[in-house]
Amino acid sequence: MDTFDFPPVVTCALSIVRDCTELAPASRAVAASAFVVTDDEKSTTFDVRTAVVLPALSRQAAIEHIAAMIPPGARVIMRAPRLPRGLVRHLSRGWPMPVHTDAQVLAAIRPDANVRSVTVPEEAMAAVARQYGIRRAGRGDTTAEQARCCDAEAQALYLVHHFSSPNMHERTRLAAAYQAWVALQRARPLGAFGPSEIF
């Protein structure tokens, strides 16, 4: 798994839900969540931002819509897509990728952001979700259910990546801050759309 040498002030874990695999040319984004962590000398804050993607938007326009959730200059981590076997054979013959990945498109749209595509084992995501009581969507869940759990996926991605840091003190400090934030979120009354901002 990729690691970062120096923690940025703003880290954004981004999860995008699609109606089929990201690397399929006809794949359409349905929803996205950005888990934004601002960690500076004064305080540590957490924020969940969720976007619903309209069906009429093109692939490029959908990523532009999602990119509006990302703070300026943030370091963005995204889970690298799995390569289907057919695509691996396709690439092994020297043929190009059928489409750009979401991370590649986002990096082109937002040159101010440091976009990183990281390989994260499913076992690591599942372990973090169990540890922190995060309800992720299952493999057999519908696209609508995956969209409802999109913010949970972004949080799990951030935590997995955070625990790859070699700095034990930072891992412990941010984990405690996250748990305190979760407790506050669970104590909040839910509005019409839940606790998250919806764009």
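Helix α4, residues 122–132, packs with α6 at an angle of about 105 degrees, and the axes of the two helices are 9 Å apart; axes here are lines fitted to C-alpha atoms, for helices over the stretch in contact, and angles run from 0 to 180 degrees between N-to-C directions. The two helices α4 and α6 are therefore roughly perpendicular to each other, given that angles of 65 to 115 degrees count as roughly perpendicular, those under 35 as roughly parallel, those over 145 as roughly antiparallel and the rest as oblique. When I say helix, I mean a DSSP run of H or I with at least four residues, while a strand is a run of E with at least two, and both are numbered from the N terminus.

On the α4 side, Ala124, Met125, Val128 and Tyr132 meet Glu153, Ala156, Leu157, Leu159 and Val160 in α6, where contact means heavy atoms within 4.5 Å. The residues of this contact of α4 with α6 divide into eight nonpolar, no polar and one charged; for this count Ala, Val, Leu, Ile, Met, Phe, Trp, Tyr, Cys and Pro are nonpolar, Asp, Glu, Lys and Arg are charged, and the others, Gly among them, are polar.

Before I go on, please keep in mind that this is a predicted model, in which local features need pLDDT of at least 70 and side-chain atom pairs count only at pLDDT 80 or more, while totals for chains, interfaces and linings use all residues. Residues are numbered from 1 along each chain as its sequence is written, and side-chain values use heavy atoms, with hydrogens and water left out.

Let me turn to the next helix pair. Helix α6, residues 150–162, packs with helix α7, residues 168–187, at an angle of about 160 degrees, with the axes 10 Å apart, and that makes α6 roughly antiparallel to α7. From α6 the contact uses Gln155, Tyr158, Leu159 and His162, and from α7 it uses Glu170, Arg171, Leu174, Ala175, Tyr178 and Trp181. By class, this contact of α6 with α7 has six nonpolar, two polar and two charged residues.

Leaving aside residues up to four places away in sequence, Glu170 touches Asp39 and His162.

Arg135, by contrast, lies in the loop between α4 and α5, the latter being residues 143–148, and Arg135 is exposed, with a relative accessible area of 55%. Again not counting residues up to four places away in sequence, Arg135 touches Glu145, Cys149 and Ala152. The C-alpha atoms of Arg135 and Asp151, which are 16 residues apart along the chain, are separated by 9.7 Å.

Finally, the whole chain. The protein chain has seven helices and six strands, and from the N terminus on its elements run β-β-β-α-β-α-α-β-α-α-α-α-β. Buried residues make up 41% of the 199 residues in the protein chain, and among contacts with a separation of 6 or more, 68% are accounted for by residues 24 or more positions apart.

Terms used
Buried means under 20% relative accessible area, exposed over 50%, partly exposed in between (1.4 Å probe, protein chains only).
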